[in-house]
Amino acid sequence: MLDSARSLTLFESMQRRNFLAGGLVGLGGCTRTVKVPLATSALPTLAPIRAQLDRIFRVTVCLRPFRAAGPRLDVERVGEKTVVHNYGHGGSGWSLSWGSSAIAVEKAMALGERDVAVIGCGALGMTSAILLQRAGARVTIYAKERPPEVRSSRATGSWTPDSRVALTNAVSPDFPALWEKMCRSSFKMYESYLGLAGNPVEWTDRYLLSDETAEAAPSKREAVESLSFATYRDRVRDLTPRQQELPTATHPFPTKYARRTTSITFNIASYSRQLLNEFFVEGGKFENTEFNTPAELSRLPQKVIINATGYGARALWKDESIVPVRGQIAWLIPQPEVNYGVMYKGVNILGRRDGIVVQGAGKGEMEGYNDANEQPDRAEAEAVVKTVAELYSRWAK
Ligand SMILES: Cc1cc2nc3c(=O)[nH]c(=O)nc-3n(C[C@H](O)[C@H](O)[C@H](O)COP(=O)(O)OP(=O)(O)OC[C@H]3O[C@@H](n4cnc5c(N)ncnc54)[C@H](O)[C@@H]3O)c2cc1C
């Protein structure tokens, strides 16, 4: 066992080498680690994950709608209609949804219409629709899918507000401040979903584990990444707790190093249901339909439309600035006692109420970049679950 002082030195050193750089992707924590005394770092009892291949009950693939310049939020005239865009949130769509939709809704309501259409029923469409209703509008959602068929339903479910949201050099100078505004207002809204029946949103712990020493090779992420994805999490480091290094005696993980952070989990099955219920209770209408061109919007009775079509905007709006970033999840049967997340050897694990998410991120944020293949890959799914199985086979009994 490492003594505390030695463990601190190693951790600081590892951080300089971007320890678990890939591991920080999607965990939403800030990179500053605090050292806590052994006594106060005591953990709740943690249960091991049953990572057997026959417990994979589903493999899903989703495409992140990435735009180098960040989400599109401008207003466009299409014939007689005014369209407010609200798409292109990369790997941050759930996290930024309320804040981004608040901006779109403000623009839509400023046009003076009280009967408003929303195209799309994913994270951005649902939050746009609810905020429109709260602002006094009658709302109809038009979409070819609704949860659980939408791509949003296949997301990890973590607070990741700057994950693949933009490229540092491609954003306008005011984007970082706009991002912070969206992030903070989303976070505030999420607070109001804590503690509800079904736990649509909750705080859960994440453990970042590694066997590598500071002398190990540079992280895979450093080795393969060629694009400079924007990272803004330091602007909102006050929102989530600092990472803590955990002395070996305080945790059951078999790795040399462990850090803990705490973040928000979206239990997307119950959260989506909650959002749709809210929308319908307030008199919202849903029409199942598909648009092939923007000109087809002329058939809608509403003059003002929020366009929240996500990756679908690439085809509908012929917006080739959207780059697909493929992500696959292997779903293990949920274990109510596993209510925490782990990052280990480039595998991101999140124990949600509706399934245990197991996701490979070997190439960090470049994983799946410009890959529009939405077919699940069973072999890839089994490979990442085997990594989880290896970890838990060494779990302290
Ligand atoms: C593997 C993976 C993990 C992720 N994890 C997270 C995470 O942990 N946290 C996070 O914040 N984000 C995460 N994301 C990102 C997040 O999922 C997306 O940013 C978000 O889902 C985008 O939502 P959306 O509403 O814009 O799009 P979608 O969910 O794709 O919804 C688009 C809607 O528009 C409709 N539509 C599209 N085209 C048309 C058309 N032509 N006519 C009619 N309707 C149309 C669709 O039917 C659908 O209703 C993840 C993404 C992936 C791939």
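Among contacts in the protein between residues at least 6 apart in sequence, what percentage join residues at least 24 apart? Please then describe the shell around the ligand, and the setting of Arg64 in strand E2.

Reply: This is a predicted model, in which local features need pLDDT of at least 70 and side-chain atom pairs count only at pLDDT 80 or more, while totals for chains, interfaces and linings use all residues. Residues are numbered from 1 along each chain as its sequence is written, and side-chain values use heavy atoms, with hydrogens and water left out.

The percentage is 82%, for contacts between residues at least 6 apart in sequence (contact means heavy atoms within 4.5 Å). The protein comprises nine helices and 15 strands (DSSP runs of H or I with at least four residues, and of E with at least two, numbered from the N terminus). Of its 397 residues, 57% count as buried (under 20% relative accessible area, with a 1.4 Å probe and protein chains only; exposed is over 50%, and partly exposed lies in between). The protein exposes about 16400 Å², of which carbon and sulfur atoms supply 52% (Shrake-Rupley method, 1.4 Å probe).

The ligand is surrounded by 36 residues, the closest being Gly90, Ser95, Glu145, Ser152 and Ser158 (a heavy atom within 4 Å). By class, this shell holds 13 nonpolar, 18 polar and five charged residues, with Gly placed among the polar ones and Asp, Glu, Lys and Arg as charged. Strand E2 (56–67), helix H3 (93–109) and helix H4 (123–134) each supply at least two residues of the shell, and E2 gives the largest share, four residues. Domain 1 (4–64 + 204–266 + 323–393) and domain 2 (65–159 + 269–321) each contribute at least three residues; the bounds come from an automatic or database domain assignment.

Arg64 is found in strand E2. Arg64 counts as buried because its relative accessibility is 14%. Leaving aside residues up to four places away in sequence, Arg64 touches Gly90, Gly91, Arg164, Val323, Pro324, Val325, Arg326, Gly327 and Gln359. Gly90, one of these neighbours, is also listed among the residues closest to the ligand.
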